[in-house]
Amino acid sequence: MIRTLLVRGLLVGLAAGLIAAVFAYLVGEPHINQAIAIEEAASHAQAAAEHSHAEEELVSRSGQQAGLFLALALYGMALGGIFALVYAGVRGRIGPRTDVALSGTMAATAFVAIVLVPFVKYPANPPAVGDPDTIDGRTTYYLVMVAIGLLAVALAVAAARKVPERRYLAGAVGFLAPVIAAWLLLPTVNEVPAGFPATLLWDFRLSSLGTQLVLWSAIGVLYGVATERGVRRRSLAVTVPT
């Protein structure tokens with residue numbers, strides 16, 4: 001049973017990753033092209049001032065776009081596999097009883113914990129934004145926020161089960177307490193250069209968030225539907241005489 005769920009999760013994750021890649025290509029790539037144009041213009045201006053040559057890109061844009069599909073496909077498969085294992089662990093124990101509702105709830109929870117919580121504190125930046133020397137620190141802060149988001153979900157579930165008569169209030173408090181504390185205590189990173197178009201920055205961040213939303217929505221819907229159909233097929237195989 002677990003093997004079936006895991007294989008299903010990998011296939012669903014692959015499909016969800018490709019769907020998200022199409023969204024990112026159609027919605028996000030135009031903003032990336034604009035940001036790259038700004039970065040190249042600044043690089044050429046600096047090279048001209050220093051009487052040197054601007055650095056050539058190591059990977060072409062077509063290669064980067066192909067890598068987008070590959071990266072999101074692999075990322076989706078990894079998430080789908082983990083999603084399937086967690087699904088197998090909680091199915092029938094917590095959450096909704098139907099497969100579609102449970103899968104959708106899990107995907108929505110994962111999106112909030114893994115994507116939305118760190119995004120509010122450390123939103124994505126397009127090319128030409130950010131200091132390469134601070135990338136290690138920014139990555140560490142982001143991963144800390146991901147861990148805080150997962151911890152907040154665990155605390156919310158524990159609090160809701162501890163106070164069943166007010167489980168929604170207890171769950172909300174259990175979730176928000178560590179998240180708000182992390183937002184206040186972790187350092188703020190703001191490396192947007194002066195003069196960078198605010199509209200372009202906002203559009204890029206929305207498209208980045210939208211890509212993750214599409215990915216997790218596809219995982220939740222596809223996995224729930226596939227699991228429910230699998231259950232129906234097994235039920236028919238048992239009830240229909242041979």
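Reader: At what angle do helix 3 and helix 5 pack, and how far apart are their axes?
Author: Helix 3 (residues 99-121) packs against helix 5 (residues 167-185) at about 35°, and their axes are 10 Å apart; axes here are lines fitted to C-alpha atoms, for helices over the stretch in contact, with angles running from 0 to 180 degrees between N-to-C directions. Helices are DSSP runs of H or I with at least four residues, numbered from the N terminus. This is a predicted model, in which local features need pLDDT of at least 70 and side-chain atom pairs count only at pLDDT 80 or more, while totals for chains, interfaces and linings use all residues. Residues are numbered from 1 along each chain as its sequence is written, and side-chain values use heavy atoms, with hydrogens and water left out.

Reader: Which residues make the contact of helix 3 with helix 5?
Author: Taking contact as heavy atoms within 4.5 Å, Val112, Val117, Val120 and Lys121 of helix 3 meet Phe175, Val179 and Trp183 of helix 5. These residues divide into six nonpolar, no polar and one charged, where Ala, Val, Leu, Ile, Met, Phe, Trp, Tyr, Cys and Pro count as nonpolar, Asp, Glu, Lys and Arg as charged, and the others, Gly among them, as polar.

Reader: Why is helix 4 called roughly antiparallel to helix 5?
Author: The axes of helix 4 (residues 135-162) and helix 5 come within 7 Å and cross at roughly 160°. Angles over 145 degrees count as roughly antiparallel, under 35 as roughly parallel, 65 to 115 as roughly perpendicular and the rest as oblique, and helix 4 is therefore roughly antiparallel to helix 5. The contact includes Met145, Ile148 and Gly149 of helix 4 and Arg167, Ala170 and Gly171 of helix 5, and its residues divide into 14 nonpolar, three polar and one charged.

Reader: What makes serine 207 count as buried?
Author: Buried means under 20% relative accessible area, exposed over 50% and partly exposed in between, with a 1.4 Å probe and protein chains only; serine 207 has 6% relative accessibility and so counts as buried. Serine 207 lies in helix 6 (residues 198-239) and, leaving aside its neighbours within four places in sequence, is in contact with Phe23, Val27, Gly28 and His31.

Reader: How do you know that alanine 20 counts as buried?
Author: Alanine 20 has 0% relative accessibility, and therefore counts as buried. Alanine 20 belongs to helix 1 (residues 2-50), and, apart from its neighbours within four places in sequence, is in contact with Leu72, Thr211, Val214 and Leu215.

Conventions
Helix = DSSP H or I, 4+ residues; strand = E, 2+ residues; numbered from the N terminus.
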